[in-house]
Amino acid sequence: MKPLPQNSSLFSVAPMMDWTDRHCRFFHRALSPHAELYTEMVTTGALLYGDRDRHLRFSHEEKRVILQLGGSEPHDLAACAKMAEDVGYDEINLNCGCPSERVQKGAFGACLMREPELVAECVAAMKNAVSIPVTVKSRIGIDDVDDEPFLDNFVQKVTAAGCDHFIIHARKAILKGLSPKENRTVPPLRYDIVRRLKERYPHLRITLNGGLNNLAQIREVLSWADDVMIGREAYQNPYFLAELDHALYGMPLPARDMILQQMIPYAQNQAQLYGTPLHSVTRHMLGLANGLRGARKFRQILGNGAIAKNDPTVIKEALIAISGLPST
Ligand SMILES: Cc1cc2nc3c(=O)[nH]c(=O)nc-3n(C[C@H](O)[C@H](O)[C@H](O)COP(=O)(O)O)c2cc1C
């Protein structure tokens with residue numbers, strides 16, 4: 001196993017559009033001191049021509065935090081990577097795994113797997129522009145090309161440009177005919193392909209992603225992969241992050257009410273600073289009480305309740321729903 005770079009972790013939360021925004025990351029960080037946290041994909045166009053400050057905003061507490069970029073133009077990516085480094089991001093990740101049609105029209109995401117030379121140019125340009133690490137997230141293949149020589153060629157070319165960390169979603173992407181959601185369930189998971197890649201390139205950091213949702217399975221994967229990235233399970237069942245920190249790093253399990261208490265001043269602060277509606281914060285917290293009595297009430301309070309009242313004391317009401325205390 002390759003020793004992980006300093007401050008790196010055995011597990012991370014995947015970049016997820018509309019999900020892993022900065023409020024979500026603040027909440028995940030409260031649950032897990034060790035998880036590496038990724039932003040949603042931010043396109044170079046959004047940073048170069050859109051509201052750059054809003055797209056790059058994060059709280060210091062979220063660190064270690066990694067910006068995922070979407071793009072395929074080396075100069076633009078380099079400029080965006082530099083912006084990210086300047087505002088304090090810890091790392092840059094290039095999206096070579098997203099199959100959405102919108103992304104394909106922009107000629108980036110998973111379709112970049114067909115163009116390893118271009119990805120290498122993009123990586124080289126970003127590495128030239130910044131001193132923080134630059135990594136790549138990909139699939140095992142796309143469409144009819146999912147053989148191991150195809151993946152090897154991609155990895156070799158991108159490695160030659162200076163990338164030594166690949167995060168691999170262990171299924172191929174079907175670019176025509178499947179929605180992004182189907183592309184996360186229909187193509188079969190092939191951990192064996194990622195495992196053999198790690199065996200062939202032991203000097204690279206290989207992160208396995210896809211379908212991880214329990215500790216036993218994660219421990220098994222960590223016996224051969226350098227680390228794991230968790231997407232849907234982390235979002236839908238966020239307390240899992242605390243359990244992973246406990247199991248892999250011996251951190252004490254935090255009480256859920258402690259986590260909720262921390263979110264109240266955060267939500268107040270965001271409302272004051274940016275006019276953030278409460279629901280923008282609480283929508284990421286709905287799964288915190290999964291499996292507990294009162295979970296349904298908890299979700300209602302932080303969901304519709306937060307929309308109706310827009311007052312951070314709603315979080316206290318949610319706490320009462322799961323602590324069994326009377327609500328008066
Ligand atoms: C709602 C949603 C949005 C996603 N957005 C992105 C994204 O912006 N960039 C990316 O590389 N992958 C994205 N993904 C894919 C995840 O990062 C991850 O690769 C995938 O969900 C498989 O991991 P899992 O089985 O642990 O969920 C998204 C997944 C979901 C569910």
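Predicted model: local features only at pLDDT ≥ 70, side-chain atom pairs only at ≥ 80, totals over all residues.
Residues are numbered from 1 along each chain as its sequence is written, and side-chain values use heavy atoms, with hydrogens and water left out.

Figure 1. Asp 143 has a positive phi of about 45 degrees although it is not a glycine. With a relative accessible area of 18%, Asp 143 is buried (buried means under 20% relative accessible area, exposed over 50%, and partly exposed in between, with a 1.4 Å probe and protein chains only). Another residue other than glycine with a positive phi is Asp 18, at a value near 75 degrees. Asp 18 lies in the loop between β1 and α1 and is partly exposed at 47% relative accessibility. Helices (H or I, at least four residues) and strands (E, at least two) are DSSP runs, numbered from the N terminus. A cis peptide bond runs from Lys 63 to Arg 64, with omega near 15 degrees; Arg 64 is in the loop between α3 (52-56) and β3 (65-70). For background, most residues other than glycine have a negative phi, and most peptide bonds are trans.

Figure 2. Arg 139 is placed in strand β5 (residues 134-139). This residue is buried yet has no salt bridge, and the nearest side chain of opposite charge, that of Asp 143, is 10.0 Å away. In this count Lys and Arg are positive and Asp and Glu negative, while His and the chain ends are not counted. A salt bridge is defined as a side-chain nitrogen of Lys or Arg within 4 Å of a carboxyl oxygen of Asp or Glu. The side chain of Arg 139 reaches two backbone oxygens, that of Asn 183 at 2.8 Å and that of Lys 172 at 3.5 Å. Not counting residues up to four places away in sequence, Arg 139 touches residues including Cys 96, Met 113, Leu 151, Ile 168 and His 169 (contact means heavy atoms within 4.5 Å).

**Figure 3. Packing of helices α4 and α6.** Helix α4 (residues 74-87) and helix α6 (residues 116-129) pack at an angle of about 35 degrees, with axes 8 Å apart. The contact involves Pro 74, Leu 77, Ala 78, Ala 81, Lys 82 and Glu 85 of α4, together with Leu 118, Glu 121, Cys 122, Ala 125, Met 126 and Ala 129 of α6. Axes are lines fitted to C-alpha atoms, for helices over the stretch in contact, and angles run from 0 to 180 degrees between N-to-C directions. Cys 122, in helix α6, is buried, with a relative accessible area of 0%. Leaving aside neighbours within four places in sequence, Cys 122 is in contact with Ser 72, Glu 73, Pro 74, Leu 77 and Leu 94.

**Figure 4. Salt bridges within and between elements.** The structure holds 21 salt bridges. Lys 82 and Asp 86 meet through their side chains at 2.8 Å, N to O; because they are 4 residues apart in helix α4, about one helical turn separates them. Lys 82 is partly exposed, at 34% relative accessible area, and Asp 86 is exposed, at 54%. A salt bridge also joins Glu 148 and Arg 196 (2.6 Å, N to O). Glu 148 lies in helix α7 (residues 148-160) and Arg 196 in helix α8 (residues 191-200), so the pair ties together parts that are 48 residues apart in sequence. Both residues belong to a network of salt bridges that also links Asp 152, Arg 190, Asp 192 and Arg 200.

**Figure 5. The buried side of helix α11.** In helix α11 (residues 239-249), the buried residues are Tyr 239, Phe 240, Leu 241, Ala 242, Leu 244, Asp 245 and Leu 248. These residues pack against β1 (11-13), α1 (22-31), α9 (215-221), β8 (227-230), α10 (232-236) and α12 (256-274). Just after α11, Gly 250 takes a positive phi of about 70 degrees.

Conventions. Polar contact = N/O pair within 3.5 Å; in protein donor to acceptor, adjacent residues only side chain to side chain.
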